[in-house]
Amino acid sequence: MSHLELEDMLGKGWRKPPFVSNPKLRWSLILGSIAYLAAAVMSIEVDWGRVYVGLDRGWAFILAFASPDFTGRASDIWTGMLESIVMTVAASVVGILISIPIGLGAARNIAPLPIYLVCRGIVAISRALQEIIVAILLVAIFGFGPLAGFLTLSFATIGFLSKLLAEDIEAMDKAQAEAIKASGARWLQWINYGVQPQVMPRLVGLSMYRIDINFRESAILGLVGAGGIGATLNTAFDRYEYDTAAAILILIIGIVMSLEYLSGIIRSKVQ
Amino acid sequence: MPVLEKGGAQAWRRRTTGENLFRWFGWLIGVAIFVACWQRISEATTWFFVWDAPRIAGDIWTRATPPRWEYITQLGRPIWDTLNIATLGTLIAICLAVPVAFMAARNTTPSVLFIRPVALLVIVSSRSINSLIWALLLIAIIGPGVFAGIIAIAIRSIGFCAKLLYEAIEEIDHTQVEAISATGASRWQVMAYGIVPQILPAFAGIAVFRWDINIRESTVLGLVGAGGIGLQLSASLNVLAWPQVSLILLAILAAVLVSEWVSAKVRGAII
């Protein structure tokens, strides 16, 4: 019996259905992405000689992680770190406080249309502008120092937190809010007893997450002169002091890890 | 139930006196920390510049408007580079994030004791360091250019993608995996037919989401010399060519909005 006859008797074997069912669309997608990839890869100029020379330095940097130098520039690291933490705390507090009213205003089921549009506009502007670009502009306006970094982080916090808070408020359970209203509560009481308990766990979780992000961002604001550990880190890289740079990076990773651990504990307590 | 004796009658209240005191104390400490932070920021600030800020802002605004539109002809190549950094960086990151995620997920990891902690450490260190810092480091190692930007974006994205992906893997429906293994499938077949189809939508969503974030991040990578439109931005800032700066900022804003729109569309189509 030939192979074909056997297939006739058994029927065709099962084959995995293709990911995109329309064959024309599938092939044009495949060809298009191959063409793009080819164009993209061709347009990158890689100086392999330079990369090869640099590998030694890369290896030196990896080795530096095994023997980080915390003491050599201890005072610089300490002031930079303290400034980063100070900026993070202050900016998170102010940002969270401001983003609560804006979040309320950006929820369509609470705010009237004009307020809604204004608050959504603020959120959109804050989200579209990158932290580092905001920091450049604020440094130009307010001068060097942690104030520019503080304002940048507060501004970024507002966009992030208000948007997520507003979405959470829009998705809340209407029945509870209505029950409070039916008992004759004033607007503030309605927010306090009808809305706030529903969104509080998420607000706490998001705030913790934002503190974490703010700390990570505060580490780079120094690159443009907005205060924090970034300036020290940049100098360490420029002077090829990899052991100092490794020490700073280890500190950042450690603080982020402990923040994440802390936020895990707080979130599980709140929920 | 905590109660308050008031003229012989018992009134309900939320917390006992001790709890109230404890909470007051907590708030006091919080406010004290915030005030201390604010004092440090204020010490490091030149307040003369801050009081002068509205005038400076107005001055910059008049210098920056109108944008120098004819400069847009020189922005084509930097925008193309920015797109490449984001796309190729995301692709590399995804390829590396998949194995890391499978090693980090509790239900697919080869060894909970040894390999999982290593994978988690990779995720945390890649996530806690900003792509600008990775770019700084890579520029010191492999020299400035688009290539350093791609690698920086890739390293930064591994942690993000792997974290979200391993959480998706841990949440899969176990019955499907069991059904596939009951047919006598090998380990890889179980992977391909039991696990992968369940996480594919999440995977695609994560990839597109990260691509969107990477477009934002790659626009500023040039500030430290890692290619893309940020190079033009820092060059224009250095020579105080504000009309060019405003045009570049508009281009970045447009790129961010377009990428957000694309990612929202694609995610809407997948999920």
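Y240(A) sits in the loop between α10 (230-238) and α11 of chain A, where helices (H or I, at least four residues) and strands (E, at least two) are DSSP runs numbered from the N terminus. The phi of Y240(A) is near 55°, a positive value in a residue other than glycine. This is a predicted model, in which local features need pLDDT of at least 70 and side-chain atom pairs count only at pLDDT 80 or more, while totals for chains, interfaces and linings use all residues. Residues are numbered from 1 along each chain as its sequence is written, and chains are lettered from A and ligands numbered from 1 in the order in which they are written.

**Loop residues and backbone features**

- Y240(A) is exposed, with 12 other C-beta atoms within 10 Å; a residue is called buried if 20 or more other C-beta atoms lie within 10 Å of its own, exposed if 12 or fewer, and partly exposed in between, with C-beta atoms placed from the backbone.
- In chain B, L240(B) is found in the loop between α10 (229-238) and α11 (242-270), and L240(B) has a positive phi of about 55° although it is not a glycine.
- L240(B) counts as exposed, with 11 C-beta neighbours inside 10 Å.
- P66(B) has its place in the loop between α3 and α4 of chain B, and the peptide bond that leads from T65(B) to P66(B) is cis, with omega near -5°.
- N107(B) belongs to the loop between α4 (76-104) and α5 (115-128) of chain B and is partly exposed, with 14 other C-beta atoms within 10 Å.
- Leaving aside its neighbours within four places in sequence, N107(B) is in contact with I169(B) and E170(B), contact meaning that the C-beta atoms of two residues, placed from the backbone, lie within 7 Å.
- The C-alpha atoms of N107(B) and E171(B) are separated by 9.4 Å, although these residues are 64 residues apart along the chain.

**Helix pairs**

- In chain A, the axes of helix α3 (residues 48-66) and helix α11 (residues 242-270) come within 8 Å and cross at roughly 55°; axes are lines fitted to C-alpha atoms, for helices over the stretch in contact, and angles run from 0 to 180 degrees between N-to-C directions.
- α3(A) and α11(A) are therefore oblique to each other, given that angles under 35 degrees count as roughly parallel, over 145 as roughly antiparallel, 65 to 115 as roughly perpendicular and the rest as oblique.
- The residues that make this contact are A60(A), F61(A), A64(A) and F65(A) on α3(A), together with Y242(A), D243(A) and A246(A) on α11(A).
- Between the chains, the axes of helix α6 (residues 131-142) of chain A and helix α3 (residues 53-64) of chain B come within 8 Å and cross at roughly 120°, which makes α6(A) oblique to α3(B).
- On the side of α6(A) this contact is made by A140(A), I141(A) and F142(A), and on the side of α3(B) by A53(B), I56(B), A57(B) and I60(B).

**Chain A as a whole**

- Chain A has 11 helices and 0 strands, and 38% of its 271 residues count as buried.
- The radius of gyration of chain A is 27 Å, whereas a compact globule of 271 residues would have one near 18 Å; the radius is taken over C-alpha atoms, and the globule rule is 2.2 Å times the number of residues to the power 0.38.
- The domain assignment of chain A gives domain 1 (3-42) and domain 2 (74-270), with bounds that come from an automatic or database domain assignment, and the centres of these two domains, taken over C-alpha atoms, are separated by 46 Å.
- L97(A) lies in helix α4 (residues 74-105) of chain A and is exposed, with 12 other C-beta atoms within 10 Å.

**Chain B as a whole**

- Chain B holds 11 helices and 2 strands, which run β-β-α-α-α-α-α-α-α-α-α-α-α from the N terminus on.
- The domain assignment of chain B gives domain 1 (3-62) and domain 2 (72-270), and 38 Å separate their centres, taken over C-alpha atoms.
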